[in-house]
Amino acid sequence: MNKYSWILIGAVVVAGISSATWAGAINPGDKEALQAYKKMEQARNQENQPLSKSSRNVTLSDFSIQGAVLTEADKIRNYNDTNMQGLLSSTDEKLSFIMEENEVKGIVIATDTEPIMAGGEKTGPELFDLYENMKNTLGEDVNITYFSYAGGFIFVATDREGEESLWLDRRASTFLELPSHKQLKSEEVVEKIREGAESVVEEKTNELEMGSKSE
């Protein structure tokens, strides 16, 4: 199975898109995910002991990012637009950052009622830096969204003029063979994702043909 198969079959399941929204009181999904993170950190540092002061003091960022999924490979390969958001569908998942004062410790992905995952010791700081970089480059009023790809993340930024740009973390950039942490045109990222979808569809077709011949 080639790398694009793993990209679209494995990682796209956790794809997401959103615009930043200010969080009010912590909801049950976020609360459970954060508690799970605290317990994991405590187990890592000192098994079967009360929560350390560091673990007790972690909280979530004051904003969250709503989730969505990337469409299936057949639709991607036939997509003729250059706008990334045309390839995405919303879900009720969202991403928040785990914070200890001003330090980013990880990420939480949850719905309002159910935790999805908590962790990302390396991913959290990188994504937060990427988020801040976009804000500093494009201005505070930029609309930022994200989706997950190949186990990494791609942020979609729309400025006040409606211009869309994309920013990749290191993992997503490796699979797409594009620069990470730099402002990219949406069309070049869309084209790379389309190439991956084409590869997946072709591989599935070949597998079906080989299966038919062996019967």
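**Close-up views of a predicted model**

View 1. Ser186 is found in helix 7. The structure shown here, and in every view below, is a predicted model. With a relative accessibility of 5%, Ser186 counts as buried, because buried means under 20%. Its side chain reaches the backbone oxygen of Thr82 at 3.0 Å. The side chain of Ser186 also makes a polar contact, at 3.4 Å, with the side chain of Glu164. Leaving aside residues up to four places away in sequence, Ser186 touches Thr82, Glu164 and Leu166.

**View 2. The largest nonpolar core.** This core has 24 residues, and those touching the most other members are Met84, Phe147, Ile154, Val189 and Ile193. Two or more residues each are given to this core by helix 4 (73-77), strand 7 (143-149), strand 8 (152-158), strand 9 (164-168), helix 6 (170-176) and helix 7 (186-214). Helix 7 supplies the largest share, six residues. Another core, of 20 residues, lies apart from this one; among its members are Val104, Leu130, Tyr131 and Ile144.

**View 3. Strand 8 and its cover.** Seven of the seven residues of strand 8 are buried, so the strand is largely enclosed by the rest of the structure. Both faces are covered.

**View 4. Strand 8 and its pairing partners.** Strand 7 and strand 8 run antiparallel and are joined by seven bridges. Within this pairing, Thr145 stands opposite Val156 in strand 8. Strand 8 also pairs with strand 9, again in the antiparallel sense, over five bridges. Here the bridge partner of Ala157 is Ser165 in strand 9. The hairpin of strand 8 and strand 9 has five residues between the strands, and in this hairpin Gly162 takes a positive phi near 85°.

View 5. Ala150 is placed in the loop between strand 7 and strand 8. The hairpin has two residues between its strands. The phi of Ala150 is near 55°, a positive value in a residue other than glycine. Most residues other than glycine have a negative phi. Ala150 is buried, with a relative accessible area of 5%.

**View 6. His181 in a loop.** His181 lies in the loop between helix 6 and strand 10 (184-185). Although His181 is not a glycine, it has a positive phi of about 60°. Its relative accessibility is 21%, so His181 counts as partly exposed.

**View 7. Helix 2 and its start.** Helix 2 covers residues 28-45, which is 18 residues. At 1.5 Å a residue the helix should span 26 Å, and its end C-alpha atoms are 26 Å apart, which agrees. At the start of helix 2, a side-chain oxygen of Asn27 reaches to within 3.1 Å of the backbone nitrogen of Gly29. The buried residues of this helix are Gly29, Asp30, Ala33, Leu34, Tyr37, Lys38, Glu41 and Gln42. In an α-helix there are 3.6 residues a turn, so residues three or four places apart point the same way.

**View 8. Ser89 in strand 4.** Ser89 lies in strand 4, which covers residues 88-100. The relative accessible area of Ser89 is 40%, and Ser89 is partly exposed. Ser89 and Leu70 are 19 residues apart in sequence, yet their C-alpha atoms are 6.5 Å apart in space. Not counting residues up to four places away in sequence, Ser89 touches Ala68 and Val69.

**View 9. The whole chain, for orientation.** The secondary structure of the protein chain comes to seven helices and ten strands. Of its 215 residues, 46% are buried. Among contacts between residues at least 6 apart in sequence, 57% join residues at least 24 apart. The protein chain exposes about 11600 Å², and carbon and sulfur atoms supply 47% of this area.

Technical notes
Residues are numbered from 1 along each chain as its sequence is written. This is a predicted model: local features need pLDDT of at least 70, side-chain atom pairs count only at pLDDT 80 or more; totals for chains, interfaces and linings use all residues. Side-chain values use heavy atoms; hydrogens and water are left out. Helices (H or I, at least four residues) and strands (E, at least two) are DSSP runs, numbered from the N terminus. The expected span of a helix is 1.5 Å times one less than its number of residues. Buried means under 20% relative accessible area, exposed over 50%, partly exposed in between (1.4 Å probe, protein chains only). A polar contact is a pair of N or O atoms within 3.5 Å; within protein, one must be able to donate a hydrogen and the other to accept it, and residues adjacent in sequence count only if both atoms are side-chain atoms. A nonpolar core is a set of buried Ala, Val, Leu, Ile, Met, Phe, Trp, Tyr and Cys residues joined through side-chain atoms within 4.5 Å. Contact means heavy atoms within 4.5 Å. Two strands pair if DSSP finds at least two bridges between them. Accessible areas come from the Shrake-Rupley method with a 1.4 Å probe; for residues, only the protein chains shown count as cover.
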